[in-house]
Amino acid sequence: MGASKANKPAVLIKKLKNNHYQLIVNNKPYVIKGVCYNPVPIGQGHDYDWWADPYKPWLVDGKLMQEMGVNTIRVYKDGTDGESVKQAIGDLYKLYGIRTVMGHWLGFWHYPCPLYADVDFQDTIRQEVLNMVKAYKDEPGILMWVLGNENNYSFNGAVNSWSCPRIDEEQDPIKRVAMRAEIYYSFVNSLAKEIHAIDPNHPVVLGNGEAKYLEYAALVCPDIDAIGCIIYRGRNFANLFNGIRFTFDKPVIFTEFGADSYDAFKDKEDQNMQAFFLESQWREIYQNLANNKEGAGNCLGGLSFEWTDEWWKNKEYDPDSFKVHDTGSNWSNPGFYMDNQAKDGKNMNEEWFGIVALSDTEIESGLNKRIPRKAYYIIRDFWKNPLLKSKKKK
Amino acid sequence: MKKLMVLTLCMVFACGIAFAAEDAVKSFGVYADKRSSDNHYIPSGWMGDVGDIKSNDDSADNPHSGSTCIQFVYSGKRLQNQGWAGVYWQNPANNWGSKKGGFDLTGMSKLTFWARGAKGGEIIQKAIVGGIKGTYPDSSVSESSQIELTTDWKQYTVNLVGKDLSYINGGFGWITNADLNPNGATFYLDDIKYEMDPSLKPESKKQEAMPFPIYENRSSRNNHYICSGWMGDYGDLKLDIGSTEDPYLGETCIKITYSGKGTQGARWAGMYWQNPPNNWGSVDGGFDLSKATKLTFWAKGAKAGERIEEFKVGGLMGEYSDSDTASIGPVILNKEWTQYTIDLKGKDMSYIIGGFACTTNVDVNPEGAVFYLDEIKFE
């Protein structure tokens with residue numbers, strides 16, 4: 001982001017002389033030590049508007065986060081009531097010094113499917129995004145904007161497939177992927193430019209599933225300030241940092257990463273397992289921050305998934321299951337190798353990703369009591385004293 | 001578990017053998033001679049096509065030392081339809097990790113053994129140390145690279161520097177397969193032992209020279225990865241790595257038949273070429289392919305129009321993860337052989353256990369698909 005010294009943006013990303021990237025907030029280096037935040041109470045589903053929760057969960061959570069060392073939360077979207085959203089963002093910042101990364105889905109879950117090639121659809125989304133930016137850009141707690149989440153997984157039709165007559169005419173599926181990528185990333189780029197025009201104070205981040213298709217983004221999306229990657233690779237991120245340097249040289253923020261705390265093989269909670277993976281992941285993030293000679297120097301920090309468990313996730317269309325802490329798993333990830341011997345390899349337990357567990361028997365301040373897991377303490381201690389030397393084998 | 005030091009000292013005192021304890025702990029025998037008291041493991045763990053193996057642990061046919069060596073005759077007939085076979089030396093016999101046994105071999109830095117082939121040219125896919133799992137798993141696993149035997153005795157080494165040898169039940173093993181030995185193999189082993197060698201440095205993978213084949217021909221000794229990783233609806237897949245149906249080059253190509261029946265309910269299926277076989281990132285393996293800038297392969301469909309969602313390099317994740325990944329796809333195959341390239345520039349190829357993979361699904365191949373692959377190699 002360019003700006004004169006006199007009008008320096010409140011939040012900016014600086015490219016250092018050694019080509020490393022550093023996030024600067026109010027003239028000071030800032031490492032994003034964050035969590036994804038979606039405090040849905042036990043018994044509620046994905047459509048719950050927690051911003052309007054009369055018990056203001058961010059007050060309880062913000063205190064716990066502050067004690068842990070969290071300085072940033074990521075939210076996936078704003079709420080229906082702008083004043084409630086401002087209240088929450090403001091409380092978190094003023095009371096606990098916690099900033100907010102504000103996201104927008106860019107219509108990825110619109111029914112029947114996102115039509116990124118359609119001008120009217122683009123205009124609708126553009127208005128939503130710009131309205132969001134206008135509404136919250138002056139909130140001192142806002143850190144940056146994240147556009148999209150894993151929308152790029154639609155390029156090959158795997159999720160929320162979309163098309164247009166020009167794409168339909170193309171027979172080569174690889175070229176179809178490239179066409180979708182060009183359309184989508186160009187759209188994101190146009191949004192980034194418009195956001196910068198009305199809000200020079202906050203970076204715009206491209207939310208992306210993995211590092212997939214960034215070679216296309218590099219061609220048409222130069223105006224984004226950083227890449228937000230959603231990464232679940234297990235203990236480490238492999239060559240992600242250097243790979244992004246080569247493919248699309250922008251700073252990297254992990255907009256999602258983490259590990260669940262349920263051993264699907266032994267069929268019981270395993271807080272050690274979650275803490276092990278999270279500590280290892282945070283260590284790699286720190287190894288690749290600016291001015292670490294041994295790293296790529298292009299990482300700005302991370303937002304681990306997630307603060308609290310969400311009890312609705314395993315069967316998202318079955319309200320009866322929202323009161324049950326499901327131990328089911330719908331997907332396999334061998335990178336989380338400790339419980340990958342589970343049946344069919346399904347070891348990712350969606351309802352157990354919280355660094356903080358929820359109690360279904362105790363209510364405090366009107367909320368399910370928060371019970372920090374081991375990862376809470378391990379990461380708290382790591383942030384206090386980040387030991388970068390790996391204990392791992394190759 | 002037995003402590004090596006305790007054991008060797010006991011032997012020194014109990015047997016009154018006139019060697020210094022210092023000398024005694026410099027080596028630890030797996031097999032010395034048929035009736036040697038230095039045999040600490042038993043060749044009881046037969047694997048794969050066990051019917052293809054015959055052994056004689058009392059062979060007097062030109063032993064390397066002493067009066068006997070062990071002869072193995074591997075027929076390569078695939079009697080159990082596995083296509084491979086091997087033998088583990090275990091302690092106690094037949095211990096697949098279900099009971100406590102083994103030895104603490106901490107301090108040893110290598111395993112050495114002598115081997116020769118009856119005719120020369122016999123291939124041992126790998127020699128192995130440790131790696132038995134179960135309730136009492138070995139503390140580590142180490143493997144040699146592929147060995148081509150000569151008619152003369154030759155010593156081979158598995159470097160163990162830096163390995164956790166605190167519990168080793170699988171003291172030694174060999175594995176080979178019928179593709180490498182289509183006419184079987186008769187070979188001899190002798191003087192298998194652990195040794196302490198303070199001068200030995202940890203083994204680092206050497207950067208492999210290019211081109212580096214994954215698959216050339218069925219029996220090629222240059223095939224560095226094995227198509228062992230079946231994924232998704234694995235029951236929908238039929239694999240023939242020796243298809244003679246119009247190979248692109250050489251005598252054979254790979255034929256993959258995908259039925260699309262959804263046998264396991266996944267609605268997709270795929271194959272990984274791995275090193276060592278069946279390595280999903282659970283053991284050390286693979287190659288340093290840092291010199292590779294691309295992977296090329298030839299492919300064609302039986303009818304044309306078969307859609308492969310992804311051809312991929314690397315990307316295996318586990319305790320030992322691939323250092324990077326790259327892919328192309330979806331690809332619609334032609335009826336004629338067509339060469340495809342996966343660009344590896346900018347990728348970290350320093351540690352690749354998943355050399356190649358392909359996946360497809362029933363949604364894009366509702367009638368299934370038959371396709372062929374050949375000449376898969378890093379360049």
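Select B:Arg221 and B:Glu148 to begin: they form a salt bridge, with the closest N and O atoms 2.8 Å apart. A salt bridge here is a side-chain nitrogen of Lys or Arg within 4 Å of a carboxyl oxygen of Asp or Glu. Side chains of opposite charge can pair when their charged atoms come close.

The model is predicted, so local features need pLDDT of at least 70 and side-chain atom pairs count only at pLDDT 80 or more, while totals for chains, interfaces and linings use all residues. Residues are numbered from 1 along each chain as its sequence is written, chains are lettered from A and ligands numbered from 1 in the order in which they are written, and side-chain values use heavy atoms, with hydrogens and water left out.

**The two domains of chain B**

Next, colour residues 25-195 of chain B as domain 1 and residues 212-378 as domain 2; these bounds come from an automatic or database domain assignment. Their C-alpha centres are 31 Å apart. Domain 1 of chain B brings 14 residues to the contact and domain 2 of chain B brings ten, contact meaning heavy atoms within 4.5 Å.

The area buried between these domains is about 910 Å², and carbon and sulfur atoms give 40% of it. Buried area is the accessible area (1.4 Å probe) that two parts lose on being put together, summed over both. Three salt bridges are counted between domain 1 and domain 2 of chain B. On the side of domain 1 of chain B that touches domain 2, four residues are nonpolar, three polar and seven charged. In this scheme Ala, Val, Leu, Ile, Met, Phe, Trp, Tyr, Cys and Pro count as nonpolar, Asp, Glu, Lys and Arg as charged, and the others, Gly among them, as polar.

**Where chain B meets chain A**

Now show both chains. Contact involves 22 residues of chain B and 19 residues of chain A. About 1,600 Å² is buried between the two chains, 55% of it on carbon and sulfur atoms. Select B:Met317, B:Glu319 and B:Pro330, which supply 35% of the area that chain B buries against chain A, more than any other three residues.

The rule finds one salt bridge across this interface. To see it, select A:Lys212 and B:Glu310, whose side chains meet at 3.4 Å, N to O. Strand S24 (325-328) and strand S25 (331-332) of chain B are the elements that give two or more residues to the side of chain B touching chain A. Helices (H or I, at least four residues) and strands (E, at least two) are DSSP runs, numbered from the N terminus. The residues on this side of chain B divide into seven nonpolar, six polar and nine charged.

**Inside chain A**

Move to the open sheet of chain A, where three strands pair antiparallel in the order S1-S2-S3; two strands pair if DSSP finds at least two bridges between them. Strand S1 (11-15) and strand S3 (28-29) of chain A stand at the edges with a single partner strand each, so one side of each has no neighbour in the sheet. Two bridges join strand S2 (residues 21-25) of chain A to S3(A). Select A:Val25, which stands opposite A:Lys28 in S3(A).

Then go to A:Glu67 and A:Lys63, a salt bridge with the closest N and O atoms 2.9 Å apart. A:Glu67 and A:Lys63 are separated by about one helical turn because they are four residues apart in helix H1 (residues 57-68) of chain A.

Finish at A:Tyr216 in helix H6 (residues 214-220) of chain A. Not counting residues up to four places away in sequence, A:Tyr216 touches A:Ile174, A:Val177, A:Ala178, A:Ala181 and A:Tyr185.
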